[in-house]
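This report is meant to be read alongside the sequence and the three-dimensional view.

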Amino acid sequence: MSEPRDRSPVEIRTARLRLREPEPEDVDPLAAMYADPEVMRFIGGGGPLDRAAARAALERSASSFRTDGYGIWSVVATGEGDAMIGRAGLMEWDIEGGRETEIVFLLARDRWGRGLATEAASAVRDFAAGRLRRSRLICLIYPDNERSIAVARKLGMSFERDVEMFGAMLSMFSLESA
């Protein structure tokens, strides 16, 4: 869903976070997150990924920002330098014949339980609804991922249906606005 835009960097700020476009230096913190089986338990195919996968993910994100003006931001804690503590953003999917915009989020395990995923995902939701004028947003979540389900509900989403992706059944939560 490419839309024309200027090439000024897209940055989002919240009370505790800064969502910035990915940088090459993000590969080390992302590789550490990707190597953590607990962090990756409910991401993609549900297991750890290597450094090459982290680098490829950052390159895809950077390309998305260049072509679409949005993608998956690197999440940085305000006042803690510029080190990435997670990722949050938007992905486009073709699901059962329809185009969907998903809010995605991932945090390093030592950042869990502080409301940071909700804070980052809420900022992404507001960006998608405001700047991109998306009237429908989804989250695709493994049914056992209670933490992410709680984030989706805090975003105002509700369970819609199950869909098959990554060789598994995922719960689709959705939010529609007028």
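R55 lies in helix 3, where helices (H or I, at least four residues) and strands (E, at least two) are DSSP runs, numbered from the N terminus. At 39% relative accessibility R55 counts as partly exposed, given that buried means under 20% relative accessible area, exposed over 50%, and partly exposed in between, with a 1.4 Å probe and protein chains only. R66 belongs to helix 3 as well, and its relative accessibility of 52% makes it exposed. Eleven residues separate R55 from R66 along the chain, and their C-alpha atoms are 17 Å apart. R66 and P9 are 57 residues apart along the chain, with a separation of 9.4 Å between their C-alpha atoms.

This is a predicted model in which residues are numbered from 1 along each chain as its sequence is written, and side-chain values use heavy atoms, with hydrogens and water left out. Local features need pLDDT of at least 70 and side-chain atom pairs count only at pLDDT 80 or more, while totals for chains, interfaces and linings use all residues of the predicted model.

## How helix 1 meets helix 3

Two packed helices are described by the angle between their axes and the distance between the axes. Helix 1 (residues 27-35) and helix 3 (residues 51-68) pack at an angle of about 125°, and their axes are 8 Å apart; the axes are lines fitted to C-alpha atoms, for helices over the stretch in contact, and angles run from 0 to 180 degrees between N-to-C directions. That angle makes helix 1 oblique to helix 3, since angles under 35 degrees count as roughly parallel, over 145 as roughly antiparallel, 65 to 115 as roughly perpendicular and the rest as oblique.

On the side of helix 1, the contact (heavy atoms within 4.5 Å) is made by V27, D28, L30, A31 and Y34, and on the side of helix 3 by R51, A53, A54, R55, A57 and L58. These contact residues divide into eight nonpolar, no polar and three charged, where Ala, Val, Leu, Ile, Met, Phe, Trp, Tyr, Cys and Pro count as nonpolar, Asp, Glu, Lys and Arg as charged, and the others, Gly among them, as polar.

## The nonpolar cores

A nonpolar core is a set of buried Ala, Val, Leu, Ile, Met, Phe, Trp, Tyr and Cys residues joined through side-chain atoms within 4.5 Å. The largest such core has 33 residues, of which L19, W73, L90 and I103 touch the most other members. At least two residues of this core come from each of strand 2 (17-20), strand 3 (72-77), strand 4, strand 5, helix 4 (116-130), strand 6 (136-141) and helix 5 (146-154), and the largest share, eight residues, comes from helix 4.

Not counting residues up to four places away in sequence, L19 touches V10, E11, I12, W73, S74, V75, A88, A120 and V124. A second, separate core of 14 residues includes Y34, A53, M84 and A108.

## I95 in strand 4

I95 lies in strand 4 and is buried, with a relative accessible area of 5%. Leaving aside neighbours within four places in sequence, I95 is in contact with E100, I138, L140, R161, V163, M165 and M172. From I95 to M165 there are 70 residues in sequence, and the C-alpha to C-alpha distance is 8.9 Å.

## Residues in loops

Most residues other than glycine have a negative phi, and most peptide bonds are trans. E96, in the loop between strand 4 (84-95) and strand 5 (98-107), has a positive phi near 50°, and E96 is exposed, with a relative accessible area of 58%. F166, in the loop between strand 7 (158-165) and strand 8 (168-176), has a positive phi of about 55° although it is not a glycine, and at 43% relative accessibility F166 counts as partly exposed.

L132 is found in the loop between helix 4 and strand 6 and is buried, with a relative accessible area of 10%. L132 and R161 are 29 residues apart in sequence and 25 Å apart in space, C-alpha to C-alpha.
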